[in-house]
Amino acid sequence: MGSAATTAAQPTTSAQPGAGAGLPPEGGPARVAADYSSYPVVAARHPWRWVGTAVVALGVFAVAWSLATNPRWEWGVVAQWFTAQSVITGLLETLKLTAISGILGFVLGFILALMRLSASPLLVSVSWTFSWIFRSTPLLVQLLLWYNLGYLYEKISLGIPFTDVRFFEVQTTTMISQFAAAVLGLTLNQAAYSAEIIRGGILSVDQGQLEAAAALGIPAWRRSTRIVLPQAMRAILPTAFNEIIGLVKGTSIVYVLAYSELFYTVQVIYNRTQQVLPLLLVATLWYVVITSVLSVFQYYIERHYSKGAVRNLPLTPLQKARKFFATHAVTNPRNS
């Protein structure tokens, strides 16, 4: 009897009609919400993060101090030659080689990628052999081979094969100049790598989307340009920009042809002035400037092609700065 009376005296906890979240059951004691407003907010402690930050900051300071105080860097000489006319001329030649070889290389690489993906065994074999040969030989060897092409073929002609009809004929040594050999070597080498990059990007697109587009009656050309390529670009762009940045630096190997690009120009100057290290720093800084500009372009182009792949586009550096100043702006005491 006692236990039964005790059980009956306890309030029921079963669901009551109209009883909501946070409300006491009908006939039960009222629940008082806990007040946490007086509790202090304590930040999480990360002692090893601070230790790592201090070590890295010390290393950065040591490097900066060495660069600023060691007179053998000869920063005055660097400033003197950084914008010299001969250096700027060599820089423009480097940019010209990069632009021409990059554009032609990716156009040819796109054609080779389509050949590799075709159903024709001949086209697949030719594309695979091209990439195999030019990826297997050093760029330096290719440049020297093209520059000495006149030893193998005295004349380059255009006409009807296996006949004496010629529409065009010129001496090979006249046609294959230093610039032509440099463009030819850089373009063909770039095309071999670009073909694999583009082919990998196209294969990364889900084939089910192509099947669905074909079922809807979308023409093949529109399927390729509106469905495949926009998605493939997200996979192609990071590696493609790495190749372009590598091409910028790879133009320095053209110095073996005595072509007056940036690195060869710097070599000519320091062979005359014996200021080797400052002139190498001039070339280094210009390469850093070029690759930094390309990295900025890469960021914005990748951001453009990420539409549809991410729910919210990442903020640009300018947008991040505006957000930072907007959230950390000091409130005027008169307006508060």
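Q: About how many helical turns separate Lys96 and Glu93 in helix α4?
A: In this predicted model, the side chains of Lys96 and Glu93 meet in a salt bridge, with N to O at 3.3 Å. The two residues lie three residues apart in helix α4, so their separation is about one helical turn.

Q: Which residues are linked with Glu196 in a network of salt bridges?
A: Glu196 is buried, at 19% relative accessible area. Glu196 and Arg199 are three residues apart in helix α8, and their side chains meet in a salt bridge of 2.8 Å, N to O. Arg116 also forms a salt bridge with Glu196. The residues linked with Glu196 in the network are Arg116 and Arg199.

Q: Which element gives the largest share of the largest nonpolar core?
A: The largest nonpolar core has 22 residues, and Leu97, Phe130 and Val254 have the most contacts inside it. The elements giving two or more residues to this core are α4, α5, α6 and α8. The largest share, eight residues, comes from α8.

Q: In which loop is Ala258 found?
A: Ala258 is not a glycine, yet has a positive phi of about 60°. With a relative accessible area of 33%, Ala258 is partly exposed. Ala258 is found in the loop between α10 and α11.

Q: What is the phi of Glu74 near?
A: Glu74 is found in the loop between α2 and α3. Glu74 counts as partly exposed at 33% relative accessibility. The phi of Glu74 is positive, in a residue other than glycine, and is near 55°.

Q: Does Phe167 count as buried or exposed?
A: Phe167 is found in strand β2. A nonpolar surface patch of about 580 Å² is made by Leu158, Ile160, Val165, Phe167, Phe168 and Met175. Exposed means over 50% relative accessible area. Because its relative accessibility is 61%, Phe167 counts as exposed.

Technical notes: Residues numbered from 1 in each chain as written. Predicted model: local features only at pLDDT ≥ 70, side-chain atom pairs only at ≥ 80, totals over all residues. Heavy atoms only, no water. Core = buried A, V, L, I, M, F, W, Y, C linked by side-chain atoms within 4.5 Å. Buried < 20%, exposed > 50% of the residue type's maximum accessible area, 1.4 Å probe, protein only. Helix = DSSP H or I, 4+ residues; strand = E, 2+ residues; numbered from the N terminus. Patch = residues over 30% accessible without salt bridge, like charges linked within 9 Å, V, L, I, M, F, W, Y side chains within 5 Å. Areas by Shrake-Rupley, 256 points an atom, 1.4 Å probe, with all protein chains shown as cover. Salt bridge = Lys/Arg side-chain N within 4 Å of Asp/Glu carboxyl O.
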